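Hi there,

Here is the structure I promised to pass on to you. Have a look at it first, and then read my notes below.

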Amino acid sequence: MPRRGGPGDDNCAIARSLDVVGDAWTLLILRDVARGLHRFDLLQHELGLSRKVLTERLHLLVDAEVLAREPYQDRPPRYEYRLTPRGRALLPVLVALQDWGDTWLLGPGETTATADPGSQEAERVHALLGTRVPELLLADTTGQLRDPVAGRTVLYCFPGAFVRPESYPPGWGTVPGAAGCTLESRSYQARLAEFAAVGATVHGVSTQRTDEQRAFAAAEGLDFPLLSDAGLELTAALRLPTVRAGGTTRLKRLTLVIGPDRVIRQVMYPVPDILDSVDAALRAVSGPIGCAQEAASPAGS
């Protein structure tokens, strides 16, 4: 493949990186592999690419060690494409592109940790209803890797919660939707026995480091796991909405109710009222989990 850039760009990491992921299709292939589409036919169906073009792009990504080609069937031979460590290191690039698009193309160009209920961003998040959460592992506060789905699961995503006020990023209180993470975790802790009584597991997820989550969980006496998506694997897999604050990518507040089959049964986004969202999550798991969608919004409260 010819090198991009001018004669002085051999040592430019941007130009060299674009040799691998400078084509739009390669980034979209990475997006969909991160979402759990590992097989050629699934990728072709999702992207609408010709077999020739998809084959070329997959070969490029395998040669660059961004994807690994792994056999899953012998007769006839069939292969899956999985992210390598080099490929997973590109997930923040995908999330940054999504965040930029949500802010500047789909949104008003303002920093916010929430969204308008009628926005295209909210529409994308609600489209998760009926989709399956890919199998992946996130670290809990002890460093143990856990599946974010454990049977019938309430997975609440939050921007960040800290023990000391000075630990919050500068200007945190002025970012719409950022405040309230402590109240949310306290509310789930206070109702934890009610969730357990109906056979539901509660997991909190943020992109914070495990040591930050561990300090917060200890200070609040939380009896359920907080999971760190610092590597943005869950964020990229579900295309969850994010906001940049304090130089870090942070999840916007949303709640997913997931069935034992890993299928998302309820989507709550945006979350304008935290206490109402906890009530809605408990109602969602107290009976048979169907496919009806319940948004924690003023219209649905």
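Predicted model: local features only at pLDDT ≥ 70, side-chain atom pairs only at ≥ 80, totals over all residues.

Which residues of α3 are buried? In helix α3, which covers residues 40–47, they are F40, L43 and L47. Looking down the axis of α3, you will see its buried residues within an arc of 70°, so they line one face of the helix. D41 and H45 sit on the other side of α3 and are exposed. After α3 comes G48, which has a positive phi, near 70°.

Now for the surface. A nonpolar patch is formed there by W100, W104, L105 and L106, and together they have about 480 Å² of accessible area. One of them, W104, belongs to helix α6 (residues 91–105). Is W104 buried or exposed? Its relative accessibility is 53%, and exposed means over 50%, so W104 counts as exposed.

Finally, the whole chain. The protein chain has twelve helices and eleven strands. Its radius of gyration is 20 Å, close to the 19 Å that the globule rule gives for 301 residues, so the chain is as compact as a globular protein of that length. Of those 301 residues, 47% count as buried. Among contacts with a separation of 6 or more, 64% are between residues 24 or more positions apart. The protein chain exposes about 14500 Å², with carbon and sulfur atoms supplying 53% of that area.

Enjoy exploring!

Best wishes

Key
Residues numbered from 1 in each chain as written. Heavy atoms only, no water. Patch = residues over 30% accessible without salt bridge, like charges linked within 9 Å, V, L, I, M, F, W, Y side chains within 5 Å. Areas by Shrake-Rupley, 256 points an atom, 1.4 Å probe, with all protein chains shown as cover. Salt bridge = Lys/Arg side-chain N within 4 Å of Asp/Glu carboxyl O. Helix = DSSP H or I, 4+ residues; strand = E, 2+ residues; numbered from the N terminus. Buried < 20%, exposed > 50% of the residue type's maximum accessible area, 1.4 Å probe, protein only. Rg over C-alpha atoms; globule rule 2.2 N^0.38 Å. Contact = heavy atoms within 4.5 Å. Arc of directions from axis to C-beta.
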